[in-house]
Amino acid sequence: VVKARNKFFLVSSSYLSLHSLYFHRLFHGPNVAWSDEMITLDVDPNNFADLLTLIQSSDSYHQDRDTTSHIDHLSLALQLQ
């Protein structure tokens with residue numbers, strides 16, 4: 001479970017990590033500071049929902065498109081907020 005301010009999202013840490021170096025480091029890095037139950041992000045829940053939509057749509061998008069760089073840019077934006 002990911003909590004973005006006051007809204008909860010049921011997402012897989014492995015799924016997010018697969019799509020973003022930011023989330024990979026967050027969930028599996030050397031300074032992991034989250035429990036197995038929930039991580040709290042101080043980000044706008046609407047922005048996080050948009051990110052999840054983008055990740056999901058990238059899975060169904062054409063394989064020849066480079067969506068990973070877009071996901072990493074959005075991850076960085078979340079990190080800097």
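**Note on the predicted model**

1. A search of the whole structure turns up 1 salt bridge. The model is predicted, and the points below concern that model.

2. The salt bridge pairs Arg 5 with Asp 42, and their closest N and O atoms are 3.3 Å apart. Arg 5 is partly exposed, at a relative accessible area of 42%. Asp 42 is exposed, at 56%.

3. Val 43 also belongs to the loop between strand S3 (39–41) and helix H3 (45–60). Its relative accessible area is 4%, so Val 43 counts as buried. Val 43 and Ala 4 are 39 residues apart in sequence, yet 5.5 Å apart in space, C-alpha to C-alpha.

4. The largest nonpolar core has 13 residues. Those touching the most other members are Val 2, Leu 16, Phe 23, Phe 27, Leu 41 and Phe 48. Two or more residues each come from strand S1 (2–4), helix H2 (21–28), S3 and H3. H3 gives the most, with 4 residues.

5. On the surface, a nonpolar patch is formed by Val 1, Phe 8, Leu 10 and Met 38. Together they have about 420 Å² of accessible area. Leu 10 lies in the loop between strand S2 (7–9) and helix H1 (13–19). Is Leu 10 buried or exposed? Leu 10 is exposed, because its relative accessible area is 78% and the cut-off for exposed is over 50%.

Definitions and conventions
Residues numbered from 1 in each chain as written. Predicted model: local features only at pLDDT ≥ 70, side-chain atom pairs only at ≥ 80, totals over all residues. Heavy atoms only, no water. Patch = residues over 30% accessible without salt bridge, like charges linked within 9 Å, V, L, I, M, F, W, Y side chains within 5 Å. Areas by Shrake-Rupley, 256 points an atom, 1.4 Å probe, with all protein chains shown as cover. Salt bridge = Lys/Arg side-chain N within 4 Å of Asp/Glu carboxyl O. Buried < 20%, exposed > 50% of the residue type's maximum accessible area, 1.4 Å probe, protein only. Core = buried A, V, L, I, M, F, W, Y, C linked by side-chain atoms within 4.5 Å.
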